Amino acid sequence: MVDTALEPAPVRVANASIFLATLVAIVVLIGVLLSFDLFLARIDRQESSAHAASEYAAGGALLHSGHASDAVDHFSAAVAIDRSNVNYALALAEGMLQQGRTTEAEATLRTLLDRAGNDGAVNLTMAHAMIREGRMGEAKAYFHRAVFGRWGADSVSDRNQARFELIDFLAQHGTQRELLAELLPFEDAPADSVALRRRLGNLFISAGSPARAADMFREVLRRVPNDADAYAGMGEAAFALGNFRTARADFAEAARARPGDTHIEARMALADTVLALDPTARGVASNDRLTRSRALLARTLSAVTACGGPATAAADSARVLVAPSLAPAASLRAPRDNSDAAAEAMMSLTIELWSARPAACAATARDALRLVVSRIAQ
Amino acid sequence: MSEAEALAAGTRNTPWYARLVTLVEDLRRREDRLALALSLLIGALVGLVVVAFILLTGRLASHLYPPGGESAWRRIAAPTLGALATGYLLYRFFPDARGSGIPQTRAAMFIDDGRISLRTVLGKFLCCSVSLGSGIALGREGPSVQIGAGIASIIGRRLGLSTAQVKWLLPVAASAALAAAFNTPIAAVLFSLEEIMGDMHAPILGSVVLSSTTSWMVLHLVLGDEPLFHVAAYRLVDPSELLIYAVLGIIGGLGSVAFVRLLLELRKAFARLPAWSVWCQPVAGGLCVGVFGYYAPAVLGVGYDQVDRALSGDLLLHAVVLLAILKIVATAVCYASGNAGGIFGPSMFIGAMMGAAVGHVAHGLFPATTADAGAYALVGMGTAFAGIVRTPLTSVIMIFEVTRNYTIIVPLMVSNLLAFYISQKLQREPIYEALAKQDGLHLPTAEFRALSRQLRVSTATKPAPDPLDASLSVEEAHRRVGSTPPGSWPVSDDRGLVGMVRTADIAMAMTNGRNTTTLRELLDAAAADLSDDDDRLAHVHSDQPLGLALARMGATGHTVLPVVSRANARKLLGVVALADVLTAYGVERVADLPRPPEPAHG
């Protein structure tokens, strides 16, 4: 028999039931609200993403049409909506760069780099910002980080693009050695990439490696016979190697492949000038060699004097040697050995004068003169 | 048989149910476990409700102001109609859902025994969603606090908790609400203690922290790990910049006072209008913000996107000055006219704009030695908050949490303290207290809280009289204390204090013929059912609150308590008497109350 005195009071039981029911209701409510909130948040995110994407697309279109200011507004809106998207922030920085707001672009990029320091595109844009700010050393570093950074799906193409930007940068602001170092990985570029090989050929010339350049152009010609650019490139490589006659022949082929190209014609004319000026050319008679040496010395003296060259003993000697009264008689009377010796002396004097020319002369030195003097100095 | 056992033996007599009921019953009995469980549940529930509130408000706003398709007429129509609709709802169905929510939460806590009705919670949620979504220039944090506190109040009462327990749940829920609304779990804890409770040492600290953390976790689960504002890594460029931050503090303080006074005066003016117009008064706020929004859309709504732009230095000088002025007026009119929404968020907005304005001028004048305008906007946010809401500690931590930027803390502290000081000097009453007073509610003021904190036992401690020796007989003791007014005497032995004996007990023992009984025996008999030594020796320490002495006098029946050393409870430092306690509280007519006898000198 149950002791009725110990039976629980009904109110107390009810309280316990209400207590338990309330706790259960709270837990159920938490579950329902969590589902509801997650649902709302998902819709919110989808709408926000779509809105941000449309702002980004609008900004991109405006940027391509040259309206950087309006584009930046759209990119800013996209970034404000979706801050996690690196592309939006990157586009904003690019827009700012185009607007000339380099400091703000740099700040935006630095924030991005804090999040994605290894991102190739971000580092590449940062390099552009550094160039705009004239900080070439930092630009070079960011270019390198871009080349070795992380890229998206088409990483090889993007990475090569970044490397070419670095190469272009180095061609203007770097040393030939740095440029060549970046070019060497491309020596084994795909054979079917004719345009790439053409470009590499020209860059190898800039990097002081005309033999590699010639190889590149030769490969182009193997695939595309009568390619005027390749012949012109071969001509430039030959020029750099001091093979003026070969250069003349290559430029002639280029002119045949693309008649009327003024640049090619100018280079061909230059080759003719150089060939006429070069005292070391094969098959030139002693007297002619002497005449050419004197003419070369005269041009060198004239060029060096024109850019404020120093009044050295070499310059005085050169003036004496190229004096008009002396020149014809000396050339007529001189025996072959003496002519050769005189020509050698004049060429030595030419090299001495050229080497001692002021730095300002480098910019004004005429191409033909430079090519010939470089050739005889080899 | 316990209730749990009884339940288990009842109709639903299954083992799992019995175990569950035992568990529940255990939870009910153990206050610490209940507090832990409720902190977690309330934190999660309030966090989810506040997140829903934020998302729904945002969705409503995006429908009323569709991105890219916004036309100017909407900017006047939406807030005006929104204010009209919510004005009627507030008047007709939810009168307690008007305004911010923080004074109302405090009123519920200090006046209404922690009671906030379900109707108020629903009304606050609905009306604030509509008014904030329609572009009314108020904030969501205050309403979130009231909604959260209301949920806690309903749960507490439904669970059958005592009034004191329900009251304790309110700040717990308030911190959860603020943590979710502002994504600032630490500042939420501080705000809850500093503003809602008014006591940084409240015993519910653990529950407040737990609920805040839970709510914050819920927020991150649903909305991800995104700070409310995105700020560049600003820093102090030059030590001399602190002077400019000090100037910002002064301007922030003056701006805060201007805002608070304008709001209070406008509220007073609206209160003077005929009672029948209460339902349509919010339209004035809606129309005001609508007209402002027609020309400057950035004034509409909470405006955190504009704060973000100011923090990034994107807004020009004339824009930030204009926005600061328009927001001050719009928020004051919206709030004073009775719209539902808080001033927490607008304070941040106003501060950011004022800061950005100072920053633009400073950076223009001293570009080499000053940070960008965004850094000043960041500090300005905290400055205005400290000046308007008057919680300087919360504002410093809040800015840190909102921006996750540590480097600007020192300038922020300088600026905040100046703004706080100026605001305190020029506008004596903090805004929430002033608002409550306008509604006829007299909440505990900061002065009262400060006074309570200042009143310690040491304030009323007097030198102790010469203790009676524990070996004295009742007769001898009566001879010594007989002529003194009724009270209690310290009793000691060779090891020090052993207790307090009431003169009334000595007199009664004499009457009962127990003349030879020693005082020790008398004390032992009085404390026979007390096992704890501390209980046997009722005492206080000099650094304890004076209120504790009063409570202990009530519990022990002694009108005089010994003040003892914390290092040695038997070392008597003095005594505190009821009369002296009351005198310390400013109660003057205490001549009839017993005071301890003066110690015998010489």
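In strand β6 of chain B, Gly574(B) is the bridge partner of Val563(B), strands being DSSP runs of E with at least two residues and helices DSSP runs of H or I with at least four residues, both numbered from the N terminus. The model is a predicted one, in which local features need pLDDT of at least 70 and side-chain atom pairs count only at pLDDT 80 or more, while totals for chains, interfaces and linings use all residues. Residues are numbered from 1 along each chain as its sequence is written, and chains are lettered from A and ligands numbered from 1 in the order in which they are written.

Strand β5 (residues 560–564) of chain B is joined to β6(B) by 5 bridges, and the two run antiparallel, where two strands pair if DSSP finds at least two bridges between them. Strand β1 (residues 461–462) of chain B is likewise antiparallel to β6 (residues 572–577) of chain B, through 2 bridges; Thr461(B) has Val576(B) as its bridge partner, and Lys462(B) has Val575(B).

Between the chains, 29 residues of chain B are in contact with 27 residues of chain A, contact meaning that the C-beta atoms of two residues, placed from the backbone, lie within 7 Å. The elements that give two or more residues to this side of chain B include α3 (31–64) and α7 (141–158), and the largest share, 10 residues, comes from α3(B).
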